[in-house]
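Here are my notes for a reader who is meeting this structure for the first time.

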Amino acid sequence: MKRRFSVALFIGHMESKFSEEIFLGAAHEAESMDINLVVFPVRFLEEEHTNDSLSKKYHYQYNCMFSYAENHSFDAVILETAVMGRYVAPEVLSEIAQKFGDTPVITISEKIDDLPCVSFETNGIDLEIDHLVNEHGRKRIGFVSGPSTNLEAVQRLEKYRDALERHGIPYDPKLVAEGDFTENCCPVIEKLLTENEGNIDAICFSNDLMAIAGYKVISKRDLVIGKDIMITGFDDISEAVSLNPPLTTVRARYRDLGMNAVKAAHSILTGTPSGDVTVKTKLVKRDSCGCKSKLTRDIEYLLTSDDKDINKFIIKINDIIISYYDSVTYQPNQRIIKSLLQFAAKFLTNLRDCSELPDYKMAAFKFEVLLNYNILDFIKPDNLNSVLSLICDKAVSLARDEETRSGIYKLFMGFFKQIISYEHKNSPLIANEIKDNVRCVNSIIGNTIECFQSNNSIPANIMQGLKAMGIRSSYLYLHEKTVISKSRNDWVQPSHEMLFSYQTNGMLKSFVRGKKIRSPFLFRNEYMPDCRFTLIASPVFCSEENYGILLYDIDTDDYNFYNSFITSQISYALKLRKMLEIQKEVQSDLRESLSKATTKNERLNQISRSDELTGILNRRGFMERARSCILEHTGRRAAVIFADMDNLKQINDIFGHDEGDYAIQKTAEILTKCIRTSDIVARFGGDEFAAFVLTDDPDFSIMLKDRIREACDHVNENSGKPYMIRISSGIYEFTCSYETSLHNLMNEADKLLYENKRYKIRNVLRNPE
């Protein structure tokens with residue numbers, strides 16, 4: 001089986017008309033030649049250094065995609081240099097081309113070293129200057145060039161100077177302004193006109209987009225284009241014929257560049273290289289230079305001619321429709337145009353040849369059929385209205401009587417209303433479709449949090465969102481580790497990528513840990529579509545963090561709207577995933593730290609409320625527990641005990657502090673055993689102890705004192721110590737209430753302790769001498 005060739009196309013900004021047209025032409029030709037095409041929109045090289053640097057600070061991430069075509073990843077590489085190289089010297093483009101090694105490289109627009117180049121003929125500006133001088137006698141011709149860093153812009157400026165010289169017109173730098181190849185150059189044009197007030201009779205623009213800007217500026221100055229000042233453009237974009245007046249320009253179809261670049265790549269790969277390819281240009285004379293365009297002449301002829309040759313009329317109508325569009329757009333829609341022309345021809349022929357009134361209902365039905373065939377998807381409503389107006393005028397001229405003319409007017413008024421109705425009906429549908437697709441993309445971020453929390457695959461969620469938008473195929477390759485890239489020059493292509501998820505032909509597949517794919521085989525492996533494809537590649541990044549690359553197949557009518565939107569949302573989703581992963585790690589670390597801190601705090605809390613020597617509560621612990629117990633048991637009887645170990649000082653003085661500590665520990669043990677485990681015992685410090693007991697026993701005080709005395713006797717009998725342990729106590733009983741003051745209770749117990757202690761033996765020795 002013959003292997004299908006695979007070609008990489010590097011273009012500038014997808015929103016640039018130049019890049020867009022090249023992409024469309026290349027995609028059209030790749031499809032016809034059965035070639036796989038992967039499109040890399042790399043934007044502008046060194047774009048971050050332009051004036052608008054804030055919003056473009058990280059656009060160098062797009063430039064990093066050049067590396068994906070290294071290491072023989074493709075059979076051929078096409079570089080569109082005019083847009084991507086707008087802000088750099090040719091040496092930078094040469095450096096990039098060399099990175100592809102021995103892979104064939106074809107350039108578009110600008111010649112790089114000895115690489116084959118597809119470009120326009122360079123005589124376009126010559127043709128315009130010749131026309132303005134020879135046919136319109138213009139001598140003060142201004143020129144708006146492209147950026148001075150752009151080779152094509154420089155060449156066109158040189159052609160302008162050469163053409164003036166050929167006609168003996170001195171070059172005046174005051175008549176030259178530097179634009180940027182976009183519609184954003186109005187200030188430059190305003191300045192040019194102001195500085196040459198009354199001294200400029202024509203302006204030659206280096207491309208049509210800047211000419212459109214010129215129309216805007218000139219319209220504000222009450223100048224008539226084509227009379228007071230003549231305007232020419234370059235490129236013949238689709239909008240040129242719709243301007244008022246239609247723009248005289250050089251027909252240089254960008255799509256032809258893209259188509260011929262793919263053809264050149266195919267020629268090289270099949271062993272029949274053709275070298276440089278020059279795409280012919282042609283001067284298209286329209287009304288902006290004072291000429292009458294073929295479109296204007298055709299319309300005037302149809303409006304003024306009483307010729308009854310229907311075939312000739314239909315040919316003119318066809319020419320008018322063709323003038324609105326290029327061949328690539330027109331060819332696929334010939335069938336519906338043919339249907340419109342047949343409808344018009346039959347209606348007009350019947351009017352001319354039949355004596356009966358036309359069948360207006362049938363005519364209205366047939367026109368509705370045309371609308372249902374989506375003719376407005378091809379012919380703009382304004383253009384279709386213009387064509388119908390011409391057909392209406394022709395029909396009226398063929399009418400035999402006033403009744404027929406009135407019927408024709410009503411019929412065509414119905415047509416115009418149908419167009420308006422169709423627009424109103426379909427605009428919400430289109431808007432809803434866009435809203436649905438935007439909702440699908442937005443849901444990618446919304447579902448990211450849900451997927452993360454439920455441990456579902458975030459890449460699979462992304463693919464599901466793209467599938468819901470109608471994208472036929474998509475592939476998400478991610479780096480094993482996020483790559484931090486600070487500029488195009490420090491980017492290093494990973495040796496492999498991880499295919500986490502893809503969807504094609506209605507099938508969605510995900511890999512939990514990713515499928516490792518070596519970088520040279522990202523675009524041709526077992527997971528890629530079996531059929532021919534055109535895929536758009538876009539980096540997935542957020543500021544300096546580069547996560548990977550997204551490949552997706554989308555209708556060429558939709559890519560411009562969704563390209564940046566899709567990838568930015570996916571980038572945010574992956575950034576969110578990373579943030580959630582970091583958050584999860586931080587939360588885990590926090591939980592571990594919190595657990596340790598809680599354990600430590602509990603230990604500290606216990607230490608702060610416990611007596612180190614005896615292990616029972618200290619004063620602070622006792623006061624907190626006792627207060628809490630009083631509040632929890634309001635209405636219950638309770639008792640506060642203040643206890644004191646007798647003669648501790650004598651034990652310390654005679655036997656030492658170790659024995660004193662032993663005596664304190666035994667005192668705490670005695671008190672603890674004399675009350676229930678649910679009651680509270682504490683050491684206040686030194687030889688002082690306290691207890692809190694809930695009791696309903698009316699003889700509790702007598703019973704507790706007896707227990708303490710018996711416990712002391714038991715310890716003394718079995719301790720073998722030369723000293724006796726004795727405990728004095730004061731027991732104060734009360735009823736718990738919210739008004740109870742623990743401090744006052746302790747004072748009362750302390751008084752009772754003092755009374756009890758007055759009658760105690762002062763000698764601590766077991767056998768006093």
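1. Valine 512 sits in strand 15, residues 507-518. Helices (H or I, at least four residues) and strands (E, at least two) are DSSP runs, numbered from the N terminus. Is valine 512 buried or exposed? Its relative accessibility is 78%, so valine 512 counts as exposed; buried means under 20% relative accessible area, exposed over 50%, and partly exposed in between, with a 1.4 Å probe and protein chains only. Valine 512 lies 9.8 Å from leucine 499, C-alpha to C-alpha, and the two are 13 residues apart in sequence.

2. A word on the source: this is a predicted model, where local features need pLDDT of at least 70 and side-chain atom pairs count only at pLDDT 80 or more, while totals for chains, interfaces and linings use all residues. Residues are numbered from 1 along each chain as its sequence is written, and side-chain values use heavy atoms, with hydrogens and water left out.

3. Now the overall picture. The protein chain has 23 helices and 21 strands, and of its 769 residues 51% are buried. Contact means heavy atoms within 4.5 Å. Among contacts between residues at least 6 apart in sequence, 74% join residues at least 24 apart.

4. Which residues touch the most other members of the largest nonpolar core? They are Ile129, Ile203 and Ile231, in a core of 95 residues. Helix 8 (residues 208-219) gives the most to this core, with eight residues. A nonpolar core is a set of buried Ala, Val, Leu, Ile, Met, Phe, Trp, Tyr and Cys residues joined through side-chain atoms within 4.5 Å. Leaving aside residues up to four places away in sequence, isoleucine 203 touches Gly142, Val144, Leu192, Leu193, Ile229, Met230, Ile231 and Thr232. There is also a second, separate core of 43 residues, which includes Val38, Met65, Leu115 and Tyr527.

5. Helix 4 (residues 90-98) is worth a look too. Its residues Val92, Leu93, Ser94, Ile96 and Ala97 are buried. The buried residues of helix 4 pack against strand 3 (76-80), helix 3 (81-84) and strand 4 (105-108).

6. The axes of helix 19 (residues 619-632) and helix 23 (residues 742-757) come within 11 Å and cross at roughly 110°, which means helix 19 is roughly perpendicular to helix 23. Axes are lines fitted to C-alpha atoms, for helices over the stretch in contact, and angles run from 0 to 180 degrees between N-to-C directions. Angles under 35 degrees count as roughly parallel, over 145 as roughly antiparallel, 65 to 115 as roughly perpendicular and the rest as oblique. Helix 19 contributes Phe622, Met623, Ala626, Arg627 and Ile630 to the contact, and helix 23 contributes Leu742, Leu745 and Met746. By class, these are seven nonpolar, no polar and one charged; Ala, Val, Leu, Ile, Met, Phe, Trp, Tyr, Cys and Pro count as nonpolar, Asp, Glu, Lys and Arg as charged, and the others, Gly among them, as polar.

7. The other pair is helix 13 (residues 334-353) and helix 14 (residues 360-372), whose axes come within 11 Å and cross at roughly 170°. That makes helix 13 roughly antiparallel to helix 14. Ile336, Ser339, Leu340, Phe343, Lys346 and Phe347 in helix 13 meet Ala363, Lys366, Phe367 and Leu370 in helix 14. This contact has seven nonpolar, one polar and two charged residues.

8. On to the rings: the whole structure holds 22 aromatic pairs. One of them joins phenylalanine 642 and phenylalanine 684, edge-to-face, at 5.6 Å centre to centre and 65° between the planes. Phenylalanine 642 lies in strand 18 (residues 637-645) and phenylalanine 684 in strand 19 (residues 680-685), so the pair ties together parts that are 42 residues apart in sequence. Rings of Phe, Tyr and Trp (its six-membered ring) pair if their centres lie within 6.5 Å; planes under 30 degrees apart count as stacked, over 60 as edge-to-face and the rest as tilted.

9. Lastly, some backbone details. A cis peptide bond, with omega about 0°, joins asparagine 244 and proline 245. Aspartate 236 has a positive phi of about 60° although it is not a glycine, and with 5% relative accessibility aspartate 236 counts as buried.
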